[in-house]
Amino acid sequence: MPGSGDRGGKKERPKDTKKALSRLLLYMKPLRWPIIGLCALAVAGNICNLLGPKFAGEAISAADAGAGLVDFSVVGYYVVRMIVVYVLSSLLTLLVNLGMMAVSRQVAQNMRGDIFNKMMTLPVGYFDRNQAGDIISRVSYDVDVICTSLSTDVVQIMTSVVTVLGSFAMMCVISPILMLCMLITIPLAFAYTRSIGKRTRPLYSRRSAAYGELNGYVEEMFSGQKTIAAYAHEDGVCEDFSRINHEAADAYFRADALGSTTGPTVNFINNLGLALIGLFGALLYLEGMVDLGKISSFVLYSRKFSGPINEAANIVNEIYSALSASERVFRMLDEQEELPDAPDAAVLENVRGDVEMRHVSFGYLPGKIVLKDLSLEAKAGQTIAIVGATGAGKTTIINLLMRFYDVNGGGCYVDGHEIRTVTRDSLRRSYAMVLQDTWLFQGTIYENIAYGKEGATMDEVVAAAKAARIHNYIMRLPKGYNTVITEDGGNISKGQKQLLTIARAMLYDTSMLILDEATSNVDTNTEQQVQEAMRNLMRGKTCFVIAHRLSTIQNADRILVVDHGNVVEQGTHETLLAQKGMYYRLYASQFA
């Protein structure tokens, strides 16, 4: 099967950022009316903010009338108006910020919901190919980056547009001559910002990919912590983590280091423009072409004009980071879903349990065939054991029976129906499964056992637990069946987790049962008890049992010996031993 990804630090380049931006806007479309209202408040707040320099200039002009001629009532009038418009502007800006936080929260909720729903429709192969940590990174880190940008950068852009246009208009009215100074520095600022933006986009894309890689490695190591400790491999793991962590930190530093040069450089260009304004403004004042109040207003407007440009130069880096993160999210949302059922797909009902595989060939990767012309047949109620060396194709057979993957050639049949002609839901509901890798979720023991059967009563759950020989253990717990299991059953032993999953499968009323090393984590005494209970509950069901311990499948109706994707032997335990073939050698290796 495909590996979980390359950790070699491959540079991931951004794709169509315009498309990513348009798709982000689609997430905001349902909230367009609140956003339009917030835009209106932002415009009103900025208009109030733009009136401040005008009133300041009027106040300075009134104070510049000469000694003894200053009308303090006029000065006070304009000062009060300044205070009013600035307070009103601050309140409106606060409302806009709070509103955009609510909008971004809703967008994040919708986006995470879409990602999770998408995960439920993806084929099993996607999760085989991709690290769990990288997927989690897209749900958490990447969505957080996107929504932080929406809540802060979008507001900043809205206010900046109004401020820049308003300041430009006011400066043209005050002194067209002084505007020539701004026309020198503005193109420089825009040119530099555009140049830096082109260079930072791939760096921010690589940063998102590096953090996904880091999360994937951490998730793997946490899940295998006991194995790491058992092999005393902590130093090696720490070295690998140090390398991956260094790559992630380096990607973060490279992106932010280059991006952080934008603000100071653009600020320097704007300060250069301010110096030119001061020089030419002084000359115009000496010539009597402009009074001190207008020069003061012009300087204030120039700062308001250049301030948003400087801020835009800073937030452009965050926008590129958000676009890179959105590309990763949308790439996952665009993944090929599990092929839909055929329009005329039948629903399996009243399943007897006749299962057949006819001349099946299959490979996880093109050109690498795992199963070659494999055929098997299981009559209703039979127990079929599948044995063979590691990598022989045992689990692959189960994957095909459950239609986690589709065959490349041949066909699989249930009650005479080719499984590609029936709905996946009805097919999978016809099986109960107990896997070697147990899965429990955070919830009560009752909820975990009743997981597969909607509306299961406590009596049914207790009966299943008794049959799985786990009831007595449950009753010794402080809250019995209401005891809460921590995530993945971390507060109970592996054997107890296995018994709980066996009880879950026993409660699930199906015609077919799959057991993949289902008793591998229980002790010998418990295994004998569970085997006895399972034989009673398996009666009348078609059962497929994958086993390495051959002592557990001696009573199977038929044993299939798989080797390199082919069934090389089949028969009962006694007949296979008498043949002294591959099964005999496997049995002898365990019971020499």
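Biologist: Leaving aside its neighbours within four places in sequence, what is glutamine 579 in contact with?
Modeller: Glutamine 579 is in contact with Glu569 and Gln570, and contact means heavy atoms within 4.5 Å. A word on ground rules: this is a predicted model, where local features need pLDDT of at least 70 and side-chain atom pairs count only at pLDDT 80 or more, while totals for chains, interfaces and linings use all residues. Residues are numbered from 1 along each chain as its sequence is written, and side-chain values use heavy atoms, with hydrogens and water left out.

Biologist: Where is glutamine 579 found, and how far is it from glutamate 569, C-alpha to C-alpha?
Modeller: Glutamine 579 is in helix α18 (residues 573-579). It is ten residues from glutamate 569 in sequence, and the C-alpha atoms are 9.2 Å apart in space. Helices here are DSSP runs of H or I with at least four residues, strands are runs of E with at least two, and both are numbered from the N terminus.

Biologist: Why is glutamine 579 called partly exposed?
Modeller: Buried means under 20% relative accessible area, exposed means over 50%, and partly exposed is in between (1.4 Å probe, protein chains only). Glutamine 579 has 46% relative accessibility, so it counts as partly exposed.

Biologist: And what makes aspartate 334 partly exposed?
Modeller: Aspartate 334 comes to 47% relative accessibility, so it gets the partly exposed label. You'll find aspartate 334 in the loop between α10 (292-333) and β1. Not counting residues up to four places away in sequence, aspartate 334 touches Arg23 and Lys118. Lysine 118 is 216 residues away along the chain, yet its C-alpha atom is separated from that of aspartate 334 by 9.0 Å.

Biologist: Is histidine 471 buried or exposed, and how do you know?
Modeller: Its relative accessibility is 15%, so histidine 471 counts as buried. Histidine 471 sits in helix α15 (residues 471-475). Once residues up to four places away in sequence are skipped, it touches Val462, Ala465, Lys466 and Tyr481.

Biologist: On to helix pairs: why are α14 and α16 called oblique to each other?
Modeller: Axes are lines fitted to C-alpha atoms, for helices over the stretch in contact, and angles run from 0 to 180 degrees between N-to-C directions. Under 35 degrees is roughly parallel, over 145 roughly antiparallel, 65 to 115 roughly perpendicular, and the rest oblique. The axes of α14 (residues 458-467) and α16 (residues 494-507) come within 8 Å and cross at roughly 125°. That is why α14 and α16 are oblique.

Biologist: Which residues meet there?
Modeller: From α14 there are Glu460, Val461, Ala464, Ala465 and Ala467, and from α16 Ala503, Met506 and Leu507. By class, the residues of this contact divide into seven nonpolar, no polar and one charged. Ala, Val, Leu, Ile, Met, Phe, Trp, Tyr, Cys and Pro count as nonpolar, Asp, Glu, Lys and Arg as charged, and the others, Gly among them, as polar.

Biologist: What makes α3 and α5 roughly antiparallel?
Modeller: The axes of α3 (residues 72-121) and α5 (residues 132-174) cross at roughly 155° and come within 9 Å. So α3 and α5 are roughly antiparallel to each other. Their contact has 17 nonpolar, four polar and three charged residues.

Biologist: How many helices and strands does the protein chain have?
Modeller: It has 19 helices and twelve strands, and buried residues make up 47% of its 592 residues.
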